[in-house]
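Welcome! Take a moment to look over the sequence and turn the model around on your screen before you read on.

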Amino acid sequence: MAINNITIGIGLLVAISFVLVFGISSPHQASAVTVAAGGGNGTAPWTIYVPQTINIKIGESVTWNNPTLVGEPHTVTFIKDNDMIPPLVAPFSTPNNTELSAAIPAPNVEATTIPDSSNPNNKLVLVDNSRSSAPVTIDGTKTNVTYLQPGSNYTFTGDESYLNSGWIWPEGQVPPGVPPITAFTMTFENPGTYNYICVIHPWMTGTVIVS
Ligand SMILES: [Cu+2]
């Protein structure tokens, strides 16, 4: 009886070892790389990507999240040419008699308007640039704009002139009224070295090397 118990025990150990060695380190498992966009806390929020450079294989995916402890957003934004760098706020021209009424129940808001020097009948209204804050991609010709579903997994060809994750917020820190994005996933289908920035903190840079 004792020998049988020992045999069963050894058998279990072998089985567990087999699962640990071949189950967890199996090369057939889908590979997923996670990069932290930002981090830190309210005293010292980080404006870096960790790791800053990653090496992946064709067909692999990368997910960015934001582990910052306070509500500081970041983006993951691939920009081919400098003329595609999006300002966070941009002036739009509208007739002087356009009335802008606040749509939120807060007493201390007013739209920023300035005269339109190129048209005295118009004024300029400063508004949030959707291309900098929303998940969006623009093709290589810089003309076809596609807004993405928040949280969608985007397959990147590398020909895009622009790809923006939208503002990625820490879990539980998404303010009301903005797209509830807390992660962004991309699959890379072509080899190359792809640099990206955060449009809110343009000194934040990262690189994905696909081979
Ligand atoms: Cu940032």
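This report moves from the overall fold to a metal site, then to one residue and a pocket.

## The overall picture

Keep in mind that this is a predicted model. The protein has 211 residues, and 34% of them count as buried. Its secondary structure consists of 2 helices and 15 strands.

## The copper site

Which atoms hold the copper ion? Its donors are ND1 of His 74, SG of Cys 198, ND1 of His 201 and SD of Met 204, at 2.0 to 2.7 Å. Along the chain, these donors follow the spacing H-x123-C-x2-H-x2-M. His 74 sits in the loop between strand S4 (61–65) and strand S5 (77–79), while His 201 sits in the loop between strand S14 (192–197) and strand S15 (205–210), so this pair ties together parts that are 127 residues apart in sequence.

What is the geometry of the site? The angles among the 4 donor atoms run from 83 to 138°, and the site is irregular. To count as tetrahedral, four donors would need all their angles between 85 and 135 degrees.

Are the two histidines buried or exposed? His 74 counts as buried because its relative accessibility is 0%. His 201, at 7% relative accessibility, counts as buried too. The cut-off to remember is that buried means under 20%.

## A look at Thr 185

Now find Thr 185, which belongs to strand S13 (residues 183–188). With a relative accessibility of 19%, Thr 185 counts as buried.

What surrounds this residue? Leaving out residues up to four places away in sequence, Thr 185 touches Ser 61, Val 62, Thr 63, Ser 152, Asn 153 and Tyr 154. With one of these, Thr 63, there is a polar contact between the two side chains, at 2.8 Å.

## The largest pocket

The volume of the largest pocket is about 240 Å³. It is lined by 17 residues, and those closest to its centre are Phe 78, Ile 79, Lys 80, Asn 195 and Tyr 196.

Which elements build the lining? S5, S14 and S15 each give two or more residues to it. The most comes from S14, with 5 residues.

Note on methods: Residues are numbered from 1 along each chain as its sequence is written. This is a predicted model: local features need pLDDT of at least 70, side-chain atom pairs count only at pLDDT 80 or more; totals for chains, interfaces and linings use all residues. Side-chain values use heavy atoms; hydrogens and water are left out. Donors are N, O and S atoms within 2.8 Å of the metal (3.2 Å for Na, K and Ca); water is not among the atoms, so sites may look incomplete. Four donors count as tetrahedral if all angles lie between 85 and 135 degrees; four count as square planar and six as octahedral if opposite donors are over 155 degrees apart and all others between 65 and 115; anything else is irregular. Helices (H or I, at least four residues) and strands (E, at least two) are DSSP runs, numbered from the N terminus. Buried means under 20% relative accessible area, exposed over 50%, partly exposed in between (1.4 Å probe, protein chains only). A polar contact is a pair of N or O atoms within 3.5 Å; within protein, one must be able to donate a hydrogen and the other to accept it, and residues adjacent in sequence count only if both atoms are side-chain atoms. Contact means heavy atoms within 4.5 Å. On a 1 Å grid over the protein atoms alone, a cavity is a set of points where a 1.4 Å probe fits but cannot get out, and a pocket is an open set with protein on both sides within 12 Å along at least five of seven lines; lining residues have an atom within 4 Å of a point. Grid points are joined across faces, edges and corners, and a volume is the space filled by probe spheres set on the points.
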